[in-house]
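Here are some notes for a colleague who has not looked at this structure before. Please read them with the model open.

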Amino acid sequence: MSKENKKGKSVLDALPSITMVEPSEPEITSIRKTARTAKNTRNRKKGPKETVELSPDQQELVDIRKKLGLRHQDYAIMLGIGLPRLSSYTYGRTASVPDEVMKTARQLLAENGESSRKLQEKFERPMSEIIAEWETRLGTTSDAEIAGLIGVVTMTINRWRKNETKPDLSALNRYDRIVNLIASNIRQHTGQ
């Protein structure tokens, strides 16, 4: 039901009229070209990354993480900072690393350096050998079973078996602990 104003005309009559016109061929081509150009810039491969020279503190921070065998996420948590901040230090996007962060990193290395070194020695062998050891301890050779027990996908076990990839030290240690726990439970329940 339309409302009418005092002169008997509809409120809609007061609105300007709009006429729909088919776009011409050059306009359509221009729109398509713009869409293609935008898509190409999104998918364009970037060139080689510039190498940034790190400050001595930044390089030390990187070296400590490697010595501890930590993932960036775990290292950031242990340092008490966010991952973006850690990345800004380790990729040279900031001029320096705060003294407090360096103090914490050095303390982590002092407290955990020896145990990290032992872990690195324990897991320095090929991943296929580690998988074979897990199979013996778990009593299975099924990639699917091992994957299900340690919480990864079967394809990951397959890649490890072929020595194509290897988890970082902290993840590898976590998986090994899971295998130890399960193997211990198996021995308890079978009376071995």
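The points below take up a helix contact, a pocket and an aromatic pair in turn.

1. The model is predicted. Residue numbers start from 1 along each chain.

2. Begin with helix 3 (residues 72–79) and helix 4 (residues 83–90), which pack with their axes 9 Å apart and at an angle of about 105°. Angles of 65 to 115 degrees count as roughly perpendicular, and helix 3 and helix 4 are therefore roughly perpendicular to each other.

3. Which residues in helix 3 meet helix 4? They are His72, Gln73, Tyr75, Ala76 and Leu79, and on the side of helix 4 the partners are Leu83, Leu86 and Thr90.

4. The largest pocket holds about 230 Å³ of space. Its lining has 13 residues, of which Leu68, Leu70, Leu119, Ser170 and Asn173 are the closest to the centre. By class, the lining comprises 6 polar, 5 nonpolar and 2 charged residues.

5. Which helix gives the most to that lining? Helix 9 does, with 5 residues. Helix 5 (99–122) and helix 9 (169–190) each supply at least two residues of the lining.

6. The count of aromatic pairs comes to 2. One of them is Trp134 with Trp160, an edge-to-face pair with 6.4 Å from centre to centre and 75° between the planes. Planes over 60 degrees apart count as edge-to-face. This pair links distant parts of the chain: Trp134 lies in helix 6 (residues 127–138) and Trp160 in helix 8 (residues 154–161), 26 residues apart.

Key:
This is a predicted model: local features need pLDDT of at least 70, side-chain atom pairs count only at pLDDT 80 or more; totals for chains, interfaces and linings use all residues. Side-chain values use heavy atoms; hydrogens and water are left out. Axes are lines fitted to C-alpha atoms, for helices over the stretch in contact, and angles run from 0 to 180 degrees between N-to-C directions. Helices (H or I, at least four residues) and strands (E, at least two) are DSSP runs, numbered from the N terminus. Angles under 35 degrees count as roughly parallel, over 145 as roughly antiparallel, 65 to 115 as roughly perpendicular and the rest as oblique. Contact means heavy atoms within 4.5 Å. On a 1 Å grid over the protein atoms alone, a cavity is a set of points where a 1.4 Å probe fits but cannot get out, and a pocket is an open set with protein on both sides within 12 Å along at least five of seven lines; lining residues have an atom within 4 Å of a point. Grid points are joined across faces, edges and corners, and a volume is the space filled by probe spheres set on the points. Ala, Val, Leu, Ile, Met, Phe, Trp, Tyr, Cys and Pro count as nonpolar, Asp, Glu, Lys and Arg as charged, and the others, Gly among them, as polar. Rings of Phe, Tyr and Trp (its six-membered ring) pair if their centres lie within 6.5 Å; planes under 30 degrees apart count as stacked, over 60 as edge-to-face and the rest as tilted.
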